Amino acid sequence: MTTTHGTLNGKVALVTGGSRGIGAATAVRLAREGADVAVTYVGGEEAASDVVRRVEALGRRAVALRADSADPEEAAGAVPRTAEALGGLDVLVNNAGVGVLGPLGELSLAQVDRVLAVNVRGVFLASQAAAARMRDGGRIITIGSCMTQRVPGPGGTLYATSKSALIGLTKALARELGARGITANIVHPGPIDTDMNPGDGPFAAGQAAMTAAGRFGAAEEVASMVAYLAEADYVTGAEFSVDGGHAA
Ligand code: NDP
């Protein structure tokens, strides 16, 4: 076991949807910077346990919480559960999200409700709970999408709607919580190689071609930005693209 000494020593972070992909990479990165970490998941219990083991191997405490962001009580409840398990809360990373793409006319009401429940209502409720429970000087970091900056083709109405709402939430949180030294920022990933958007999937080549870098990003590249925002004190209400130039 290695013990890390980083800029987040003594801090507690909650990463929603931390069992896989960007969330898992973020949980491990924050632990590497010194934080104790809680992750939420829905179906991926084994994957979440693996993230816990990776965090513990860095000498930090970790806990995996089953909490469905689509359920209002579970979305908010992950915050007090984290605080009770790890002794407080300093950093909330709103990462859990679902991507539903499709022609406007084919999106069902159930799909609209599901995407807005996970991507918007769950983030709002977790942020509300965090603001109530978080220590002064805390951080709220939300994962948006490059689709809020540039929609490169049809099929993105629902997903872009949901992620764009988070920009307004972020700016309003920054204004509301600034006096307590709590910052709120949003990170917009471009195409990132995860289960949601595999770098070898059927639409991967087209997405890579839409970036200036000409490639998919890695989850760790998004996690680096989150780690920076977890430390930065004079950065709030702002949007950060980690998209290989997708919006350029
Ligand atoms: P993945 O699908 O690879 O992983 C999603 C994670 O979120 C898993 O840990 C999953 O848990 C969890 N999750 C899913 N639904 C819920 C829910 N209802 N409640 C709690 N946890 C949930 O996604 P990515 O890592 O690719 O995406 C992470 C974030 O980044 C999302 O918000 C996504 O919209 C955004 N994003 C991703 C991009 C990409 O190209 N990959 C691009 C732009 C934005 P479990 O294992 O239990 O299913």
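Student: Which residue in strand 5 is the bridge partner of valine 93?
Tutor: Isoleucine 141 is the bridge partner of valine 93 in strand 5. A strand here is a DSSP run of E with at least two residues, a helix a run of H or I with at least four, and both are numbered from the N terminus.

Student: And where does this model come from?
Tutor: This is a predicted model: local features need pLDDT of at least 70, side-chain atom pairs count only at pLDDT 80 or more, and totals for chains, interfaces and linings use all residues. Residues are numbered from 1 along each chain as its sequence is written, and side-chain values use heavy atoms, with hydrogens and water left out.

Student: Back to the strands. In which sense do strand 4 and strand 5 pair?
Tutor: Parallel, over four bridges. Two strands pair if DSSP finds at least two bridges between them. From strand 4 the chain crosses through helix 4 (residues 109–133) to strand 5, and this β-α-β crossover is right-handed. Right-handed means that, with the strands pointing away from the viewer, the path from the first strand over the helix to the second runs clockwise.

Student: What does strand 4 pair with besides that?
Tutor: Strand 1 (residues 12–15), again in the parallel sense, over three bridges. There, valine 93 is the bridge partner of valine 15, and leucine 14 stands opposite leucine 92.

Student: Which way do the strand 4 side chains point?
Tutor: Val91 and Val93 go one way, Leu92 and Asn94 the other, and all are buried. Buried means under 20% relative accessible area, exposed over 50%, partly exposed in between (1.4 Å probe, protein chains only). In a regular strand the side chains alternate between the two faces of the sheet.

Student: How about strand 1?
Tutor: Both of its faces are covered: Val12 and Leu14 are buried on one side, Ala13 and Val15 on the other. Strand 1 also pairs with strand 2 in the parallel sense, over four bridges. Alanine 38 in strand 2 is the bridge partner of leucine 14. With helix 1, these two strands make a right-handed β-α-β unit.

Student: New topic. Where is aspartate 90?
Tutor: Aspartate 90 is in the loop between helix 3 (72–86) and strand 4 (91–94).

Student: Is aspartate 90 buried or exposed?
Tutor: Buried, because its relative accessible area is 7%.

Student: What does its side chain make a polar contact with?
Tutor: The side chain of arginine 135, at 2.7 Å. A polar contact is a pair of N or O atoms within 3.5 Å; within protein, one must be able to donate a hydrogen and the other to accept it, and residues adjacent in sequence count only if both atoms are side-chain atoms. A polar atom of the aspartate 90 side chain also lies 2.8 Å from the backbone nitrogen of valine 12.

Student: OK, the core. How many residues has the largest nonpolar one?
Tutor: It has 38 residues, and those with the most contacts inside it are Leu30, Val37 and Val187. Such a core is a set of buried Ala, Val, Leu, Ile, Met, Phe, Trp, Tyr and Cys residues joined through side-chain atoms within 4.5 Å. Helix 7 gives the most to this core, with eight residues.

Student: What does helix 7 pack against?
Tutor: Its buried residues pack against helix 1 (21–32), strand 4, strand 5, strand 6 (183–189) and strand 7 (238–242). Contact means heavy atoms within 4.5 Å.

Student: And Leu30, which residues does that touch?
Tutor: Among them are Val15, Val37, Val93 and Ala227, not counting residues up to four places away in sequence.
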